[in-house]
Amino acid sequence: MNPLLFLRRIWAFVARDWRLELSYRMQFFLRVLSILIVVTTLFFISKIFTGFADPRFSQWRDPLAAWLTGLAVLNYFMTGFSSLANAIRQEQVQGTLESVLMTPISVPTVIVASSAWDFVQATFFSSLYLVFGWLFFNVHYQGNFLLALAFLLLTTFVLLCLGILSASFAMVFKRGDPFGIFLGAGSALFSGVFFPTQLIGEYAGRVSSISRILPPTYGLDGIRRVLIEGQGFTQVQEPLVTLLLFLVVLLPLSLWVFGRAIRRAKREGSLIQY
Amino acid sequence: MTEQPSSSPSRNQDRSSAFSVDHISKTYPVPFLRLKKMFRRKFKPPVEAVRDVSFEVGEGEIFGLIGPNGAGKTTLTKMIATLIQPTSGQVTVKGFDSVRDDEDVRRNVGLAGAEERSFYWRLNAEQNLLFFARLYGLSGKLARQRIAELLELLQLGDLTRKRFAELSTGNKQRLSVARAMLANPPILLLDEPTRSLDPIAAARMRATIKSLTQNHERRVTVFLTSHNLAEVEELCDRVAVIGRGEIRALDTPRNLKARHTENEQVSIMFSAPDAMEVESALRAAFSIQSLILERSTAIDAWLLKFSRQNEDDVLDSVLRVLQQSNCVIRGIESERATLLDVLESYEEEETAGKEEGK
């Protein structure tokens with residue numbers, strides 16, 4: 001694959017989506033405002049818990065920092081997971097999927113390019129949670145930012161693989177995606193976005209094992225260990241290796257399934273249907 | 001029964017092949033048939049959209065595909081464009097297989113579909129084309145240059161900055177043709193390219209299509225589907241008639257019409273000193289059963305009507321008799337079968353076949 005051509009195609013998608021976004025300016029400002037409102041609300045809720053932090057949960061000594069990290073990272077993870085399926089679905093509804101697939105573009109390029117703008121947006125909006133916390137509510141982060149970034153990227157790649165599987169469902173079944181239900185609702189509840197995952201074990205016993213099969217649990221734990229507890233590479237190897245194993249299994253599987261889904265849609269002549 | 005095309009018209013002997021369709025069939029599968037069988041659910045039988053179709057299109061040729069709605073025209077076009085995979089058979093475009101080498105096929109083919117919803121409605125004409133040009137691998141500068149050329153060629157120059165949603169249906173269609181031509185592909189698949197155009201714009205579009213195939217530096221091959229039979233007749237070197245997924249006939253428009261009926265209706269307008277004498281002379285000279293002579297008061301002349309076989313010498317003989325009778329010929333009109341007659345005859349055949357099958 002010619003790398004210049006590959007980049008040119010990704011740029012085509014980013015430029016297209018940027019222009020489409022510009023045609024909906026109001027939506028952008030409302031989203032920024034809603035993030036500010038959420039951060040402010042969480043700041044006041046966190047004040048209820050001042051001085052009551054359980055010493056067992058070291059990442060939750062400052063609940064506002066834990067929540068903001070959780071929300072920022074969850075937003076990024078969910079983008080990784082849902083962007084491709086959303087892009088495919090949108091192209092189906094608009095009727096543009098056939099026109100895109102009519103160009104000499106490969107399956108991996110479609111995957112990366114369709115999601116590219118969503119990642120640009122997610123990077124911006126996720127960083128807003130952290131920036132608003134730092135700017136207005138005195139939230140400070142420490143540790144190795146590069147290591148945190150590595151966790152972020154690794155988890156995002158794993159979720160992108162699940163997103164590719166999800167997009168395959170959108171391609172064939174058009175609606176009804178089991179991964180969306182499982183990961184969308186599951187991550188917020190079981191991955192430790194709003195509370196420590198250990199609490200699930202204390203109150204709901206075996207249900208806590210659900211959090212162990214969700215990749216965001218490891219990504220979020222790793223990022224908080226680095227940014228809030230200041231842990232280094234040797235201390236975060238366990239979640240790092242787990243995420244790598246997820247990636248090794250899911251990447252080839254998801255690409256294979258997506259290729260099969262496109263073939264099936266072409267066989268059924270249903271690329272344009274939704 | 002499928003009519004076999006005459007003396008190998010499925011292949012254009014004079015030109016090298018641009019693409020070929022070899023025994024392709026398309027059966028739309030029943031979704032999740034195994035699951036349905038497992039749960040013993042009732043299911044509709046699979047739909048056979050295209051059945052054992054074969055032909056070859058030569059470089060620089062304009063090849064037309066006509067047939068009633070639901071005959072399989074769009075399915076066939078999409079199979080050539082790699083958007084639908086054939087159930088069996090093979091489509092080869094410039095030596096590339098449409099399933100195995102689909103990216104290479106798409107590099108050689110531009111498709112202008114009849115679907116209006118294939119652009120981004122909130123982007124303007126230029127932004128839309130720029131996006132697709134980049135997907136075809138054109139650099140920014142080259143893409144803008146090409147877009148400007150195409151918008152000019154298709155008389156869309158003043159609509160460059162207009163949002164797609166605000167364009168008229170005809171202009172949307174022209175934009176679709178412009179997109180198909182972006183990467184300068186050697187093969188254009190045009191699905192009803194003049195459907196929503198006004199008569200002048202349609203005539204210009206036809207001239208553009210014709211000129212593309214006549215450019216000796218880079219001859220473009222055009223595969224055209226249309227319900228406008230006069231347009232097909234005007235443009236196409238060869239035409240295939242498709243019905244219920246099968247090719248019913250394939251030949252030049254002239255041969256198709258000739259195959260439909262060998263007769264031609266001729267009307268001669270003339271003024272004569274004594275028309276009765278002329279009629280007697282004609283009846284004495286020929287045994288034309290259908291000869292009719294009538295007075296046209298509107299033009300103050302006589303009208304002689306008769307039918308003759310294509311390219312026989314009856315017309316020449318009739319003209320001689322008229323001249324010998326001191327008649328002044330005012331005008332001659334001949335009426336041959338049109339592609340509509342051809343299409344209607346195949347539809348009648350099809351309907352009769354259905355009735356028999358009941």
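The domain assignment of chain B, whose bounds come from an automatic or database domain assignment, gives domain 1 (17–259) and domain 2 (262–335). The C-alpha centres of domain 1 and domain 2 of chain B are 46 Å apart. This is a predicted model, in which local features need pLDDT of at least 70, side-chain atom pairs count only at pLDDT 80 or more, and totals for chains, interfaces and linings use all residues. Residues are numbered from 1 along each chain as its sequence is written, while chains are lettered from A and ligands numbered from 1 in the order in which they are written.

An open sheet of four strands in chain B has the order E12-E13-E11-E14, with antiparallel pairing. Helices (H or I, at least four residues) and strands (E, at least two) are DSSP runs numbered from the N terminus, and two strands pair if DSSP finds at least two bridges between them. Strand E12 (292–296) and strand E14 (328–335) of chain B stand at the edges, each with a single partner strand, so one side of each has no neighbour in the sheet. On average, neighbouring strands of this sheet are turned by 25° against each other, direction ignored. Axes here are lines fitted to C-alpha atoms, for helices over the stretch in contact, and angles run from 0 to 180 degrees between N-to-C directions. Within the sheet, strand E11 (residues 263–271) of chain B pairs with E14(B) in the antiparallel sense over seven bridges. Val266(B) stands opposite Ser334(B) in E14(B). Helix H11 (residues 314–324) of chain B packs on the sheet and touches E11, strand E13 (301–309) and E14 of chain B; the direction of H11(B) makes about 15° with that of E11(B). Contact between two residues means that their C-beta atoms, placed from the backbone, lie within 7 Å.

Another strand of chain B, E9 (residues 238–243), is mostly covered, with six of its six residues buried. A residue is buried if 20 or more other C-beta atoms lie within 10 Å of its own, exposed if 12 or fewer, and partly exposed in between, with C-beta atoms placed from the backbone. Both faces of E9(B) are covered: Arg238(B), Ala240(B) and Ile242(B) are buried on one side, and Val239(B), Val241(B) and Gly243(B) on the other. Strand E3 (residues 62–66) of chain B pairs with E9(B) in the parallel sense over four bridges, and Ile66(B) has Val241(B) as its bridge partner in E9(B). Strand E10 (residues 246–251) of chain B pairs with E9(B) in the antiparallel sense over five bridges, with Ile242(B) opposite Ile247(B). E9(B) and E10(B) form a hairpin with two residues between them, and Arg244(B) in the turn has a positive phi of about 50°.

The contact between the chains takes 27 residues from chain B and 27 residues from chain A. Helix H2 (73–80), helix H3 (102–108) and helix H4 (125–135) of chain B each supply at least two residues of the side of chain B that touches chain A. The largest share of that side, five residues, comes from H4(B). The residues of this side of chain B divide into 14 nonpolar, five polar and eight charged; Ala, Val, Leu, Ile, Met, Phe, Trp, Tyr, Cys and Pro count as nonpolar, Asp, Glu, Lys and Arg as charged, and the others, Gly among them, as polar.

Eleven of the eleven residues of H4(B) are buried, so this helix is largely enclosed by the rest of the structure. Among them are Glu126(B), Phe131(B), Phe132(B) and Arg134(B). The buried residues of H4(B) pack against helix H1 (3–22) and helix H4 (97–101) of chain A, together with helix H5 (140–153) and helix H6 (169–180) of chain B. Just after H4(B), Gly137(B) takes a positive phi of about 95°.

Chain A has eleven helices and zero strands. The C-alpha trace of chain A spans about 60 × 40 × 35 Å along its principal axes. Buried residues make up 43% of the 274 residues in chain A. Of the contacts in chain A with a separation of 6 or more, 81% are between residues 24 or more positions apart.

Leu128(A) is found in helix H5 (residues 107–137) of chain A. Leu128(A) counts as buried because it has 20 C-beta neighbours inside 10 Å. Leaving aside neighbours within four places in sequence, Leu128(A) is in contact with Val32(A) and Ile35(A).
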